[in-house]
Every structure is written in structure tokens, then in C-alpha cells.
Amino acid sequence: MYLKELTIAGFKSFAKKGELEFSAPITAIVGPNGSGKSNVAESFRFVLGEQSVKSMRGKRGEDLIWGGSSSVARGNRAGVTIVLDNTKKVFPLDFEEIRIERVVHRDGQNEYILNGSAVRLKDIQELLASANIGSTGHHIISQGEADRILTANPKERREMIEDALGLKIYQYKRQEAERKLNKTVENVAQVESLRREAAPHLKYLEKQVQKIEKSLQLQEQLKSVYGEYLRREDVYIAFHHDRLLAERREPEALLKKAAADLADAKKTLQATESKSDSEPLIAAQEAVQKAVMERQQAEREVSKYEGQIALLERRLAEQERRATSTEGKAVAYKDISALITDIEQQVGKALQKNEVTILQRALSDIVHRLKLFIERSSEAKDTTSEFDKKELGRLKDEMSALTKRVADSIRDEAKARATYEGIEQARVAAATDGREAERAVFRLVGEQRELETKLERIDRELAILERDRNEFKRELQEAVALLGRAAAAYYDFKILDEEGKEVSIEVLAAEDRDAQRTRRHELEKLKIRLEELGIGATDEIIKEYNDAKERDAFLAHEIADLEASIIKLRELIAELDSKLEEQFVVGIKKISAEFNRFFTLMFGGGEAELVTVVTKTRGADEELFEEGEEVEEKKEDGIELIAKLPNKRVKGLEMLSGGERALTSIALIFAMSQVNPPPFIILDETDAALDEANSRRYGDMIEELAKKSQLILITHNRETMSRAGILYGVTMGGDGISKLLSVKLDEAVAVAK
Ligand code: ATP
């Protein structure tokens, strides 16, 4: 026996705690109408987890709680406890006794307690199903419900039979598997959706990371090109700067010198120009001329005086001599002059006649005259001697003054000439100097121009270098901005030749600038490409990408796991389905046979069986479809009853009388209980419609049934009562409270009335 006790407290009319012990295979509960017997049957339903309040004749949960009467106040909770024996381990729990308690509160809240621990309804249901106590309550037949199995549709009937066959446990498992499957499918969808949602971002991040990798690659490339470019540029600028400065020194010095020389030359030129002035020369020349004239004048004076002195001296000597001789006799000038005039006239005339005779005569005449003159003159006395002496003295005095004057003028002339020559010489020298200076100026200007051109070229080159240097600085700053401090280490960059040897500075500096321009061009291209990649916070992106990838892999793994469990669950469902099908097919056969046995037993003949039917339904929305419309039809297996009474032609269940219906349904209920006996069966006035003869048959059958299941029979039927080992009477006093009491058969019969 499995059923040990039932305790009702606060449930429906059982305001006070009442206990029932089930120590016999058959227990009968008796009592007058309305005393609360059916409430006992319902308390079984309640504690076994019934969810339909309606099946317990209530509307709401609180209808199950003692509602109060004029004398006793209403209760706040209804609690029912059932105690089951588990010494045979029918229930898969390591307890000798299973104590299930259910409590409902006024707020509708339910509690389930299994052996003192709060559990879920599901736990109770599964536990009971394992002992073939199904939730459809096939083992609890409420009042007037006996023919429920007859009125049910094939599908409902199948459920009842499945429940009776103890297939519920598989169905629970199947439902659970189905629920898990749905949940898993849902989870897969959710995870897939999460994965799908994250996919674009992951893809984006992947692209970003690819870009970053590309960018890092470009940066490496850029670093290398920059290293070489900057190193070369630095060497080039420094080298050529030094070279140009060195180159500049000589022409600069030369230019300075040329400028100084030019200044000197110009000064010289200026000086010579002032020396070439002709005025002093002209003045000197005039001075010479004047000195010459002065000397000549003096000399002429001297010669005149010399003549006069000589004349006087000769005359004085003549006078002396004449004084002693004729010689020296003075002749008056006028006499001589007159003589000369006469002779000239006579000669003139003779010459004019151009006749020798005349000329001869003239000449004889002239001789004659001259002789006369001398005769006369020698006779004349000289009176001029004294005067002449005086005159000579005077002349001689003047002559000495004149001599001195001549000497002075000669000296002056010599001096003037010397001055003139000095000036002339200076002019010649100046002219030479001037020409030289002029040539020097010309040469120096040329030289200067040449040097300036040279310096200009150097300066131009220096300016270009300066521009290159500025550009270099700017490029370096940009390199540092792009590549960080590493870019500044360009001076460590080793430039190697084809043989792997470091290239000398001279070779570096001598490189054609086009090569650097090409590198620069390459740099620009790399920078543009880097810029186009436009990477921001690299580390964060990589971290985010790794996280996203990890999460994606996790989700993929999750999906794979879930899909694997979907496959397993489907397998499990298929397995359960086939098990269900198999057991159902076997079970239905057995029930059908038992049904036939009980039926023929009840009716003393006839035949009955269960058949599996397939019905097509259009589902719940059937009425929404128009006639002739193509709809999806569901095929459902159901169970149909076939019952043929002895000596009657009619087969249909609807043709049966009330009693016949009751017997048929009892036959089926009993058949179901026989094949897979539940631990206990509760029958609430199932025997109500039976006549005496049938009551006996009923009594026999329940005794047979009681061999396999404990029976709790609510009854007014004396025959039935007589088969019970234990009898409980239910009474209700004026306070509306049902009370339980153990009674004897006679008392029971009395109470039942
Ligand atoms: P019968 O033999 O006529 O079938 P019964 O003995 O089976 O009667 P029940 O139907 O079990 O009687 O009991 C019905 C009684 O229980 C009624 O008097 C009803 O008022 C009472 N009852 C039902 N629910 C409650 C409740 N929540 N609180 C108080 N009394 C209740």
C-alpha cells in the first residue's frame, strides 16, 4: 500500500484539521449530501498538483480556502498533506516516506513542500508521474465524472489513456526536451543574432586592424625611407654648407683686397688727374719766355754798349794817334755823312745811266772827292776827345750794371727753365701713374665683378642649402610627429653600398639631387597613404578587435554547443516519441482487451474495444477559414470506443442508458487501472447509478481492482461500503464545518443516509 495518510486543514469546508489514514486496500468515505465528501476527493486533486480550480469546483484559488460561516471566521490558507509509502522506492527519492504538502493562500500564491522542503510544482508532477499518478487525474474520478471518458473526444481520451499507461513521465521528459529544444533554438537564434549584430562591427574592426597592420607596415617603410632621406639630407647640407663656406673665404678676402686696391687706384687716379692740370705748366713756360726776353734785352743792351764803348775807345785811340799823326784825326760825322750821301747819289746816278764811261767818271770823281775830303779833314782840329772820355766812363759804368743784369737774367731763365722742366717731368710721371691706375681700376673692377659673381653663386647655393635646411627641419618635425622619437635617430641610419659597406660622406654628398627628390616623392606618397588609412588610437582598436574576435569565437563555440545539444535533444525527442508510440501501441492493446473483459463481465456478454483513429483538424483557427480554402491540416491520433451490448444491435455510445453508460465507463476505468495500476484510485460516487445486481458486480470488480491499487470510494452504496476495510464518515454541523470520523459499517450506512 502506498497511500498512508491525508491531512486536510482549511481546505474548503474542512475549516479544522482532519486526518484520514488509509491502512486498508479499500477505504470508503460516507456521509450525507453536502457534508463535504467530494471536498475530500478534491483535496486529493489539490495536493497532487491540480491546476484547474474549475475541476475542484471553484473559480479562483481562494475558493479552495475555508470561506467562513456565521460562527467560524474564514481562513487565510488551505493546506493538504498526503503521505505516501516509499519503502519499495516507487518514488525515485531516498526516503522511506514521501510527504507532499500544498498550501494555497488568499492572494492565490501556492506552496509545494516535499518532505519539508519547498519545491516547484514541476518537481511534484514528475515525482508523481514516476509512480503513475498522472495529472490528468485518471485515478480520481469525481462525482458524475465517470462517463467523462465516454464523452471526451478521441484526443482527450488518448491523453487519459496515455496517462493511465504511465506514459506521462515520457511526455514530461518529451515536453522538457521540447522546451529545452525550443529554448536552445531560441538561444541559438539569440546567439546568432548577437553574433550577427556584432558581425559588422567585427568586420569593421577587422578592416581597421588590417588597416593598422598596413599602416604599421607603411610606418616601417616610412621610417626606413625617412631614415635614409634625413640622413642623406643632413650629410648633404652639412657637407655642402662647409664646402661653400670654405669656398667663399678666398673670393671674399680677394674681394676685400680688390676693394681696397680699387680705392687706392682710384685715389691714385684722382691724384694724377689733379697733377695733369696745364696751368702751372703754361705759367712756367711763360716765366721761361719772360726770362729769355729779359736776358736777350739785357744782352742786346750790353752789345749796344759794347759797340759804343768800342767805338769810343777806338775814337779816343784815334784821337791819340792823330794827335800824334793824322791817323786819328777826327772827322766830323756830318762831313762823312754828307760825303757818303754825295757818293751814294753819284753812284746812284751813274748806275742809272748804266754806262761804263759814266761809271768810270763817277768813280774818278769819287776818288777825287775822297782825297779832297781827307786833305781837308787832316787839317781840322779834334775837340771831342775829352767828352768822349767822359762818355766812355759813363758807358762803362752802365755796362757793368748791364753785365750784372745779364747775369741775373741768365740765372732767372735757368731757374724758370728748371721750374718748367720740373713741372713737365711731374706731368709725364703723373700721366704714367694715371694710366697705370686706370688700368688697375679697370682690372680691379673686373676682378671685383668676377669675385662678386662667384660669391653670388656661392651665396645662391648657400641660400638653396638654407632653404633645404629649413625644409629638412620641417620634414624632421613631421617625421617625429608621424613616427615618434625614433624618427629623430636618423643620424644612426647606416647607408650601405651594394657590397654592404657604409657609404662615405663624400659619396653621400655627391649624390645627384634627383635621387633625394625621388625619395621625397616616395615619402609624400607614403604619407598620403598613411593619411588615407587614417588610424586613430591603434592599441584600443587592436584590443577591441581581439575582444570582439574572442567574443565572436565564444559565440561561435556557443552556437556549436547549442547546435550539438539541439541534435541531442531531437534525438532524445525521437527516442521518446518512439518509446511513447511503442508503449502506447502495446498498452492500448492491453487496455482494449481488459476493457472487453470488464465490459462482458458487467453486461454478461457483448463486446467492447478501443481503436486508434486518425482525425484531421484545422487547428484552433478553424472557423476563420473560408469554405474550400486550402488550409494546413493536422493529423492526430485519437482513441475511439466501440461497445456492443449483448442482444442489442445498437453500437453507438449515445444510445446507452444512464446505467449502461456508467457500467461502460467503469469497465474502461477499471481496464485502464488494470494494465498499469496506479498506487491509489479515488472513485466519487461512481456507483451512484447502479442497481443492486450491478452494485454487486461493481463490488466484485473493485475487490479485484484493490489487489493492484488502493481504493478510496466515496459512496452512498451499502454494497460498496461493505467491501471497504476502513470507513470514514463526514459530517457537517451548523457551523458549516466538515468533520471526519472513523465509523463502522452500520454507522456508515446510517451516516450515509
Ligand atoms: P453530496 O453527497 O450531495 O455529493 P458531499 O458530501 O459530496 O455532498 P460536498 O460537495 O463535498 O458534499 O460539500 C459541499 C459543501 O461544502 C457545501 O455545503 C459547501 O458550502 C461547502 N463548501 C464548499 N467550499 C467551501 C468553502 N470554501 N468554505 C466553506 N464551505 C465550503
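Author: Welcome! Two strands pair if DSSP finds at least two bridges between them. Helices (H or I, at least four residues) and strands (E, at least two) are DSSP runs, numbered from the N terminus. This is a predicted model, in which local features need pLDDT of at least 70 and side-chain atom pairs count only at pLDDT 80 or more, while totals for chains, interfaces and linings use all residues. Residues are numbered from 1 along each chain as its sequence is written, and side-chain values use heavy atoms, with hydrogens and water left out.

Reader: Which residue is the bridge partner of Asp684 in strand 12?
Author: Begin with the two strands involved: strand 11 covers residues 680–684 and strand 12 covers residues 710–714, and they pair in the parallel sense over five bridges. Across this pair, the partner of Asp684 in strand 12 is Ile714.

Reader: Which are the edge strands of the open sheet?
Author: Six strands make up this open sheet, with mixed pairing and the order 8-11-12-3-13-14. An edge strand pairs on one side only, and that holds for strand 8 (140–141) and strand 14 (738–742).

Reader: What phi does Gly108 have in the turn between strand 5 and strand 6?
Author: Strand 5 (residues 97–105) runs antiparallel to strand 6 (residues 110–114), joined by five bridges. Val103 has its bridge partner in strand 6, namely Glu111. The two strands form a hairpin with four residues between them, and in its turn Gly108 has a positive phi of about 90°.

Reader: Which residue takes a positive phi in the hairpin of strand 6 and strand 7?
Author: Strand 6 also runs antiparallel to strand 7 (residues 117–119), here with three bridges, and Leu114 stands opposite Ser117. Most residues other than glycine have a negative phi. Against that background, look at the two residues between these strands: a positive value near 45° belongs to Asn115.

Reader: Where does Arg57 lie?
Author: Arg57 is another case to look at, with a positive phi of about 55° although it is not a glycine. Its place is the loop between helix 1 and strand 4 (77–85).

Reader: Which residues come nearest to the ligand?
Author: A residue is near a molecule or strand if one of its heavy atoms lies within 4 Å of it. Helix 1 (residues 37–47) gives the most to the shell around the ligand, with three residues. Of the 19 residues around the ligand, those that come nearest are Asn33, Gly34, Gly36, Lys37 and Ser38.

Reader: How much of the ligand does the protein bury?
Author: Oxygen atoms of the ligand come within 2.7 Å of an N or O atom in the side chain of Asn33, within 2.7 Å of one in Lys37 and within 3.3 Å of one in His716. Taken alone, the ligand exposes 650 Å² (Shrake-Rupley method, 1.4 Å probe). Of that area, the protein buries 73%.

Reader: How many Å separate the centres of domain 1 and domain 2?
Author: Domain bounds come from an automatic or database domain assignment. That assignment gives domain 1 as 1–133 + 681–753 and domain 2 as 218–273 + 434–531. Taken over C-alpha atoms, their centres are separated by 115 Å.

Conventions: Polar contact = N/O pair within 3.5 Å; in protein donor to acceptor, adjacent residues only side chain to side chain.
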